[in-house]
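Have a look at it, and then we'll go through some of its parts together.

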Amino acid sequence: MRKAATFRAAFAAALALTLVCYSRSAADTTAVQDIAVVVNPNNAVNNLSLSELSKIYRGERQYWRANLPVVVLFRTPGTYEREVVLRTIFQMSEPQYRQYWVSKIMRAEATSPPAELFSSGMIKEGVAAIPGAIGCVRVSDVRPDMKVLRIDGRLPSEPGYRLH
Amino acid sequence: MATPVTTRRCVLLSLVLLLAIGATAQTANEPSQSELVNALLGRIDKLERRVAELEAGKSPGSTPQPQTPQAEVPPMQTLQTPSTEEVQKRVATQTHEHDEHLPNGAAAEHHFPSLQLRGFADVDFSATDEPGSHSGFNLGQFVLHVASPLSKKVAYFGELSFTAQPTSYTADVERSIIRYDYNDYFKLSFGRYHTPINYWNTEFHHGLWLQTTISRPEMIRFGGRFQPVHFLGMLAEGNIPSGPLGLGYEIGLGNGRAGTISRAGDAGDVNNNRAWVARVIARPTGLRGLQVGGAIYGDEITPTPALSGHPRFSELIESAHIVWTSETPEFLSEFANVHHRDSLTGTVYNSQAYYVQLGYRLPWQQKKWKPYYRFEYMHIPATEPLFSVPDFEVKDLVSSTAGIRYDISDFAALKWEYRHIKRGPTDPIVNAAFVQTSFTF
């Protein structure tokens with residue numbers, strides 16, 4: 001009886017340990033973070049609605065003002081920021097996004113799709129250097145030389161913020 | 001005595017179990033190439049975060065304070081913290097290398113000019129029961145599209161087509177446009193356009209892969225006479241401040257139709273009257289995929305060869321469209337009325353055409369299949385002089401097109417299509433089958 005009880009206890013402990021390890025691993029890989037919309041600090045815009053942001057990313061609004069063209073900085077495929085932007089702003093899959101830009105350029109509405117950058121550091125460099133730049137980074141990647149826009153009046157981490 | 005042995009066995013068993021689970025997990029998570037890329041991208045992010053922390057830490061009195069609340073940066077346990085001097089040296093070297101060899105964020109801005117080239121092509125097979133016709137393969141069109149920003153506010157767009165003919169290929173400049181953007185509300189361009197007189201003509205151009213069906217509707221087909229497909233002149237366009245309505249406009253002035261009315265006046269206007277066009281569209285932001293619009297076009301036509309008595313004709317075209325471009329379902333519908341007035345007799349001719357097209361992207365098999373159907377109707381008065389020519393054999397066209405599109409890849413499609421056409425009350429019904437592969441590269 002005692003032998004069986006010890007065996008059961010050890011087995012339960014091993015199973016619990018395994019489950020804890022797995023849950024921690026899953027939590028690490030699927031951590032949900034808000035995505036911050038960042039622009040050059042000199043940009044006068046402070047707030048955008050989600051539909052305005054969608055127009056900017058879709059290339060339907062191409063100027064902040066007459067002398068300040070919008071330059072969209074996008075992450076490369078396979079990144080969390082891109083996945084969030086495609087899902088919440090474009091509402092498209094990756095193939096639909098690529099087809100969208102082929103069609104848009106063919107219609108002479110744009111000359112190229114948004115620039116695709118390999119890291120959030122490059123987004124940071126772009127936003128700091130290009131006056132009309134706009135990009136999306138994880139909230140943990142926000143740096144002092146970035147200006148974070150309110151989306152529908154909300155900042156990242158605030159209740160009701162939709163970019164995550 | 002048995003207890004320690006049993007416990008040891010249990011612990012051993014547990015370890016074996018853990019190892020087995022771990023090994024299984026490892027095998028299941030064999031990294032694919034995309035996972036490897038993702039891991040590398042994640043690594044770049046972590047390293048950049050670490051560099052930023054170190055840079056911030058070494059500057060006296062400069063603690064990074066982002067303008068918004070941010071989540072805690074996870075500690076980098078896998079990196080050994082180097083000395084400040086070492087970091088400074090590494091960052092300097094990295095920055096130097098970055099500038100010289102690698103793309104950086106600042107380089108994401110356009111360089112001028114920067115030519116973007118894209119091609120479209122198609123291969124077709126057709127068979128009809130029309131007397132005198134032959135079934136067979138056809139190369140279709142080979143199209144090159146170029147786009148190049150020339151400065152922050154000036155851009156060039158061009159479209160060239162090569163079309164197989166019985167004895168050679170014809171090359172055409174389909175579009176050649178230089179555009180100056182003042183802002184989103186005013187963009188001015190000059191060149192040769194697809195006339196913004198309806199939806200299809202300015203949406204799909206010569207990229208057959210872009211459109212669901214194999215062919216264009218008869219009312220706006222290339223080489224057709226019903227509406228002017230091309231337009232040479234200048235065009236002002238932009239958004240109209242309208243909030244969620246998403247209004248836009250286009251106003252153009254140009255040469256209009258040539259003496260052969262299926263062609264644009266590329267080499268000069270045939271008379272001293274400019275054609276004009278105005279179009280307004282609405283793309284409501286709350287109904288993504290919906291577009292509603294209307295256009296009006298005016299011109300004076302001097303047909304070549306001249307008709308008996310050398311009449312001129314004033315032309316006024318009114319058109320409207322409503323489309324829903326979401327593919328579940330896709331709905332395209334257009335209507336146009338072409339009004340001609342003979343300058344000698346004052347006789348008026350009104351011709352109408354419309355089409356309705358429905359498509360639906362099926363949810364199965366990775367959404368690769370899309371069946372569609374289009375109904376077309378065109379009415380031209382029997383006495384209409386400008387459309388009564390041998391190469392425009394339309395009087396009262398009634399046509400049904402049914403087909404299915406299969407997307408072989410993200411940029412190539414295969415389409416099967418059946419058409420049932422009746423061109424006039426006394427004409428025989430023509431049945432036709434088509435297969436096309438169209439793609440972009």
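Where in chain A does A:D152 lie? A:D152 sits in the segment after β9 (150-151) of chain A. Keep in mind that this is a predicted model. The phi angle of A:D152 is near 55 degrees, a positive value in a residue other than glycine. As for its surroundings, A:D152 has 15 C-beta neighbours inside 10 Å, so it counts as partly exposed.

**Chain A as a whole**

Let's step back for a moment. Chain A has 164 residues, and buried residues make up 41% of them. Its secondary structure comes to five helices and nine strands. Starting from the N terminus, the elements go α-β-β-α-β-β-β-α-α-β-α-β-β-β. If you take the contacts in chain A with a separation of 6 or more, 66% of them are between residues 24 or more positions apart.

**The sheet and strand β1**

Now for a sheet in chain A. Five strands make an open sheet with mixed pairing, in the order β6-β5-β7-β1-β8. Its edge strands are β6 (115-117) and β8 of chain A, and each of these pairs on one side only.

Is strand β1 of chain A enclosed or open? Five of the five residues of β1(A), which covers residues 35-39, are buried, so the strand is largely enclosed by the rest of the structure.

On to the partners of β1(A). It runs antiparallel to strand β7 (residues 133-138) of chain A, and five bridges join the two. With strand β8 (residues 147-148) of chain A, β1(A) pairs in the antiparallel sense over two bridges. A:V38 has A:G135 as its bridge partner in β7(A), and A:V38 also stands opposite A:V148 in β8(A). For A:V39, the bridge partner in β8(A) is A:K147.

**A helix across the strands**

Helix α5 (residues 120-129) of chain A lies across β1, β5 (71-75), β6 and β7 of chain A, and it runs at about 150 degrees to β7(A). This helix is mostly covered, with eight of its ten residues buried. Among the buried residues are A:S120, A:M122, A:K124 and A:E125.

**Over to chain B**

| Cis peptide bond | Omega |
|---|---|
| B:F112 to B:P113 | about -15 degrees |
| B:T328 to B:P329 | about 5 degrees |

B:P113 lies in the loop between α3 (84-101) and β1 (116-128) of chain B. B:P329 is found in the loop between β11 (313-324) and β12 (330-342) of chain B.

Then there's B:H205, in the loop between α4 (200-203) and β7 (230-240) of chain B. Its phi is near 50 degrees, a positive value in a residue other than glycine. Is B:H205 buried or exposed? It is buried, because 23 other C-beta atoms lie within 10 Å.

Last stop: B:V435, in strand β17 (residues 430-440) of chain B. With 16 C-beta neighbours inside 10 Å, B:V435 counts as partly exposed. Not counting residues up to four places away in sequence, B:V435 touches B:D124, B:F125 and B:W416. B:V435 and B:L414 are 21 residues apart in sequence, and their C-alpha atoms are 7.4 Å apart in space.

Conventions: Residues numbered from 1 in each chain as written. Chains lettered and ligands numbered in written order. Predicted model: local features only at pLDDT ≥ 70, side-chain atom pairs only at ≥ 80, totals over all residues. Buried ≥ 20, exposed ≤ 12 C-beta atoms within 10 Å, placed from the backbone. Helix = DSSP H or I, 4+ residues; strand = E, 2+ residues; numbered from the N terminus. Pairing = 2+ DSSP bridges. Contact = placed C-beta atoms within 7 Å. Axes fitted to C-alpha atoms, helices over the stretch in contact; angles between N-to-C directions.
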